[in-house]
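Thanks for coming, everyone. I have a short tour for you today. Please look at the screen.

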Amino acid sequence: MDGIAILAPEEARRIAAGEVIDRPAALVREFLDNAIDAKAANIDITLEEGGCKKTECSDDGAGMSRKDLELCWHTHATSKIRALADLDTALTLGFRGEALAAASAVSRIEIITSTDGREAWQLETGPGGSSPVKLEQTRRTKGTTIRALNLFESIPARKRFLKREGSEAVLCRQAFIDKALAFNAINFRFIQDGKLKDFLPAVSSKKERFAAATGHQNFLHEINVTGDGFSAVIVLGGPELYRNDRRQLFVFANGRRVHDFSLIQAMEYGSQGWFPNGTHPVGAVYVEVDPSLADFNIHPAKREVRFRDPGTIHHAVSGAVKSFFHNLYLGRVGKDSRRDAEAQRTQREEGEEVGRDSRRPQTEGLKEAQRTRREEGEEGGEFKFSYDSAISASLRLRESFSQCLCESSSQFPVYAGRVFGVFILIEWGDKLYIIDQHAAHERILYDRFLKEPIPKQELLAPIPFCTDSDDEDAFLEKKREELSRLGIDIEKDETGWRIDALPSDWRLGDAATVKEILELRTAGENMAERWAATMCCRAAIKDGDYPDDETALALGKEALALKDPRCPHGRPVWTEISKEALYKAVRRD
Ligand code: ADP
Ligand code: MG
C-alpha cells in the first residue's frame, strides 16, 4: 500500500460497526435497549441459529413514524439527545445513535413499526447499503419489530470469530437476562429456535425478578439505600445461598449491567463475617445515579461507568449491607446459634463442602451479633430463643389451645413447629405426627424424579470444564441427550465442555457438579436411578436447615400423603403419637 488514504465512508462504517456489533448478543443488547427506551411493556427476543441467522426483537413501545423510520438506521441518528451536554440529563439507555447503523452495516435489517396501530411501515436495508432496499406500508399493532438477518454474511473475516451457535445463543441469553434483571416491570420472553426458553413476567420488585431469573426462590433480601444524587437497590442472598465464585454477583448502573468490581467488593465487604471464608454471596446492586454524576460514554458497549464520586456510593452500599445483616440476625440469635452448632456438627461429619449449599456454618457475624446482644444487656446464650419467636410460639400455643377447646382436635393438618433441627411437627385429627424433614424430602424428590421429567434451570453463567480422558469425552458425546433428559444440558465448543443447565434447585459447587456428572459413567444402564438418588440426596433439605413455616407445612402434608413413607435407604419418614397416649403419659384423663 502506498501512503495515507481516507477510507471510503462505507468501509469506515463497516469497520466502526465492529466496535458496537461484534456478535449476536450485541444485537440483543442494543435492540432491548431501544425497546426499553421506547417504554415497551412486553418485549420478545427471538433467535434462530444462535442469532447468526436471525435476531429479532419485538416490542409494544412507542413505535416510529415513517419519517423516523427512514432516518433511524443512519449513522448518528438518534431521538434521544441533541448535543453532548444532553448527556448530563439523559436517562435513556441509548444516546449515540449508532446501534442500528452498525447493525445495518453488518447484516440485513428489517423494521416494522407503528406509532398507533393504524398506520404501520416496513423498511428493509443492507447489508452495508446506504439507501433502503424497501419501504412500504404494512400492518402492525403499536410498537416495533426489528430483525437482523444473516449477521456478517458479507464479512467473512468477522464471521470467523463467531463461536458455535449454541455458544452464541448462551451469550444472547446472558444479554437478555442482564436487561431483564434490571427492568422488572417489563414482561420479557426469550424464544430460541421456535421454543420459549424464558418467560419473565412483570413483577413489582427487583428481588422477585432476581428470584425468577436465577431460580433462588428463598433467602433473598432487598435493601434500599439513598444518598446525594444516587439511590441503590441491593438484592442479596443470605448466607444460605453462599457460592464459591462471584459469578452470580451483578452490578447495574442506570439500568445497564456494568463491570464494576469495586461495587461487587462493596457488597462483599458489607457481608463480611456472615459468609464462610472464601465464599461469596449471590446478588445484584442496582445503582440509579443522576446522569450528570456518571459517565457512560467511555466504553463502546457502555459496559463501564465512571462515577464522579465512587467512594460515597461504595461506602453507602457496604454500610447498608453490613447493617442489614446485623439487624437480620440479631433477632434470630438463639435460633441461629443452635443451627450453627448443628451445621458445624453436620459439616464435621460430612466433610467441608463449599457450594450452593444451604447449611449455615459458624460465622464471625453471628458471633458479633451475640456479643452485641450481651452488651445491650440481654442475656446472651447458646439456646436462648429470640423475643419474636417466643411471641409467635405463644400465639401458636394460644391458637391451638382455642382450637382444642372448640373442636378438641384439628380436622386439617396444622403445622405445630419444629424440633431438634430435624423434625417437623404436624397436628392432625387426634395425632401428632413427627416427620423427619430430610428423609421426607428425599423420598418425595426421589418419587418425583423417577416419575416426571426433571425440571431444569438454565444457568445464568454456564460452567466451563475440561475432561481428563478420551473416555470421558466419548461418554459425554454419547450420552448428551440422555443427560439432557436428566436435567443436565452440556455443550462442547472449541475451548472445551460447558454445562448450560442443571436441575432446578441443584446446590453443589461447580467442581463437585462436574465430578458427579462424570461419575455417571460407571452407572451403566442405571443412569436415571443413580442420578435420581444423587439428586435427592443433594437437593433434599438437610438436618439443621430451617424451612419457613409454609414450606414446612407443605413438606409435612406431602410426607403424610406418601404411599410408601420410607426414604430411599429404607428409613421411615415419620412417626406419630396419639392424643390418647400423650394424655396418658401425663395422667390427664
Ligand atoms: P440510540 O438508541 O442511541 O438513539 P439507535 O441506533 O439504537 O440509537 O436507534 C436510533 C433511533 O431509532 C432511536 O433514537 C429511536 O428513536 C429509534 N428506535 C430504535 N429502535 C426503536 C424501537 N424499538 N422503538 C421505537 N424507536 C426506536
Ligand atoms: Mg439504541
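Predicted model: local features only at pLDDT ≥ 70, side-chain atom pairs only at ≥ 80, totals over all residues.

Start with ligand 1. It has 18 residues around it. The closest are N34, T78, S79, K80 and G97. What classes make up that shell around ligand 1? Seven residues are nonpolar, seven are polar and four are charged.

Now the contacts. The side chain of S79 puts an N or O atom 2.5 Å from an oxygen atom of ligand 1. The backbone takes part too. A polar backbone atom of L100 is 2.9 Å from an oxygen atom of the ligand. For R96, a backbone N or O atom sits 3.1 Å from a ligand oxygen atom. How much of ligand 1 does the protein cover? The figure is 93% of the 530 Å² of accessible area that the ligand has on its own.

Next, the cavity. There is one of 30 Å³ or more. Which residues line the largest cavity? They are V170, R173, Q174, E458, L459, L460, P462 and D500. Two elements each give two or more residues to that lining: helix 6, residues 165–182, and strand 19, residues 456–465. Strand 19 gives the most, with four. By class, the lining has four nonpolar residues, one polar and three charged.

Last stop, E10. This residue lies in helix 1, which runs over residues 9–20. Its relative accessibility is 26%, so E10 counts as partly exposed. Now find S130. E10 and S130 are 120 residues apart in sequence. In space, their C-alpha atoms are 8.1 Å apart.

Methods
Residues numbered from 1 in each chain as written. Chains lettered and ligands numbered in written order. Heavy atoms only, no water. Near = heavy atom within 4 Å. Polar contact = N/O pair within 3.5 Å; in protein donor to acceptor, adjacent residues only side chain to side chain. Areas by Shrake-Rupley, 256 points an atom, 1.4 Å probe, with all protein chains shown as cover. Nonpolar A, V, L, I, M, F, W, Y, C, P; charged D, E, K, R; others polar. Buried < 20%, exposed > 50% of the residue type's maximum accessible area, 1.4 Å probe, protein only. 1 Å grid on protein atoms, 1.4 Å probe; cavity = no way out; pocket = protein on both sides within 12 Å on 5 of 7 lines; lining within 4 Å. Points joined across faces, edges and corners; volume = space filled by probe spheres on them.
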